[in-house]
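Hello,

Here is the structure for your files. My notes on a few of its helices follow below.

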Amino acid sequence: MILAFLMVFNLVVFTGQVGAFADGTTSNDVGESNQNTSSDTTSNGSVTVKILTNFVELTSVSQISKSSKTEIAMIPEKYGTNDVIMGLPDGSALVKPIALASDTDTLDSITEFSNLVYPSYSASKANLQNAAGTRCINPNQKDSVYVVQPSKAGKGFDLCPYGSIVYLSKGTEVIRDGNDSSIDGKYELTEDSWFYNCCGGGVSNVGPFFIYTYDEDVITYSANNVEIEFKEGSIPLIKAGTVDPSSLEAVIKVGGTTYTVPSIELTDDNTVNPDNDDYTVTAKVGLGTSYVTKEVKVATKLEESAVFARVKGGKYTGGIAKTFSKNDIEVGFILDGKSYTTSDFTLEEAYVDPINGDTKITIKYAEYTKEISAATAITGDVKANGTTGVKELINKVSTITPKTKSVINNNSISTVEAAIQIMETEKLDKYVNEAIDIGDANVAVKQDGTAAKLQAKVNTVDASVITNSLTPEEIIRVLAGEKVDLRLEVVVDETTDAKDTTGGQLIESNLNTNESAYYFTADLYKIFNDDEDNKSSITEFSDAISFTIDIPEEIRNEGRSFTLVASHELADGTFETFELVDIDDDDATFTASTTKLCTMALVYADEEVVEAPVIEAPIIEPEVVLNDGDVSPQTADLRNVLWTFIITVSAGAVLVVAFRKEFQ
């Protein structure tokens, strides 16, 4: 008899509402006696209603097994801790957990369940080969399927006495039963959720559902405690129409606690027409005959100033032309200080071409047209070793195909996007450092050959040397996976080549007669993809780089000081000669910072020693005193002795000064 009833039930066409199965009978309507909630009417304008609240979501069969609750709620939408059920929403139910599908002992002991699932295999129930039983319990999922018994149901829920539920993860492919007119065939889940199957009937793979434990409570409230709001994603009407009560929710504030009632009713007249200044409807919040009413504004006469339109996530900053979709745009309006968004708009002009200055799109909502600045115009310069306009750079690099292992691919950007992003110093530094980490960019010093006589090192960090040495186009090539080596080469003048260059001769001509020079050349070479035959010299940089050289032992001497003189050829063929300052405190090294590399010379001079004059000692004769007191000629000689002494002392002082100067 039961089986015959279920076969008739399977012919009922689904309503298409998420989680709703067959058209519900009056016994399943919200607020009828078979609901889990009840209420009493009070005489002072307040109502006292039994509620379900404190919802805790369950996401596995093990949580159901461990729960001490005798009933759980199966609802086709998300509920929060302070959400309230006063009457079960359409398509939902309270169900009693029975057992895991693998617990055959428990299930076999329920005669009614056994007859439903195994009508043709009573002697061998475990094989689960009956068509209806297989829908109820997939034999391959017995450990992840839970059998439940619907106890109270909202309007439209299944009438099956037993069913099974299974928790499926996002991305799972589901084959929904053909009787469900809302979705037919295969589809992938967009979120983790539960699915329901009727045991012994034709209802299969219906969902998504969310399962909760809950608590029962009683609250007393009046209309003053209630506010009616639109649910997230629902908006007021801007033209004549009928208000859907499922778009509204009630907020009840009592005793310091805020409850949300997602399911409410409206009075019979739920139509509005803003053109006739008809903006409100009346909502009922309660259960059965115990409820309060509240007037709520659900429509608006839309003013253009209230309408907004913007690009989600900010303006498009790419360089390639783009056509926007509706999903890229957020359109809505502001009503009573609250913002609402809508998908009921059209894209009149959705194309932008930032490199050519086309950055705006146009939308139409209601009778209003809005122009949106949707992209950033491509202007400005990219600065590295040289300055390139970003539009020019984009044209140069747009055809470059990044290698699989490259900075560009690692950051999921195009060469065009990279060209735009390296306009920002932070992005440029970030990407160049990534290229160094990958091994596509390297800075080194060549120490072989004659350079070994003049040891050198680069002090500036590698990323700065690279950005100061490469052009913007070359940087994009490196970010796309090409390899570059930057190599400082110092060549000592052993064959007078450096001295005989124009720069060397200019340095030589400016030396003082007591100065000597130790000549060398310093060049920074860039070598792409290990192609030594096509290396190129970099003689000027966008910013200074610092390097240190060890002063050769053969020219070091106590008390000897050095300057570094450079002679650099300018773009017009003329030369400039300048001194570089030693910025370290080590007498054995010379550290300089420069934007130019060229012919250079360590110039030094020894202090001249000043010799004191040789003064012969005078012959001193005995003094003779005359009778009349005059000094004799011998007395005059004594005066000469005194003067000679004074001169001798002075000469000694000069010698001391010269001696000290020599050993400064």
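In helix 11 (residues 472–479), the buried residues are Pro-472, Glu-474, Ile-475, Ile-476, Val-478 and Leu-479. Buried means under 20% relative accessible area, with a 1.4 Å probe and protein chains only. Because 6 of the 8 residues of helix 11 are buried, the rest of the structure largely encloses it. Gly-481 follows helix 11 and has a positive phi, near 115°.

This is a predicted model: local features need pLDDT of at least 70, side-chain atom pairs count only at pLDDT 80 or more, and totals for chains, interfaces and linings use all residues. Residues are numbered from 1 along each chain as its sequence is written, and side-chain values use heavy atoms, leaving out hydrogens and water. Helices (H or I, at least four residues) and strands (E, at least two) are DSSP runs, numbered from the N terminus.

Helix 9 (residues 425–438) packs with helix 11 at an angle of about 50°, and their axes are 10 Å apart. Axes are lines fitted to C-alpha atoms, for helices over the stretch in contact, and angles run from 0 to 180 degrees between N-to-C directions. Leu-428, Tyr-431, Val-432 and Ala-435 of helix 9 make the contact (heavy atoms within 4.5 Å) with Ile-475, Val-478 and Leu-479 of helix 11.

In helix 6 (residues 390–397), Val-390, Leu-393, Ile-394 and Val-397 are buried. Their cover includes strand 27 (381–384), strand 28 (386–389), helix 8 (415–421) and, again, helix 11.

Regards

Methods:
Buried < 20%, exposed > 50% of the residue type's maximum accessible area, 1.4 Å probe, protein only.
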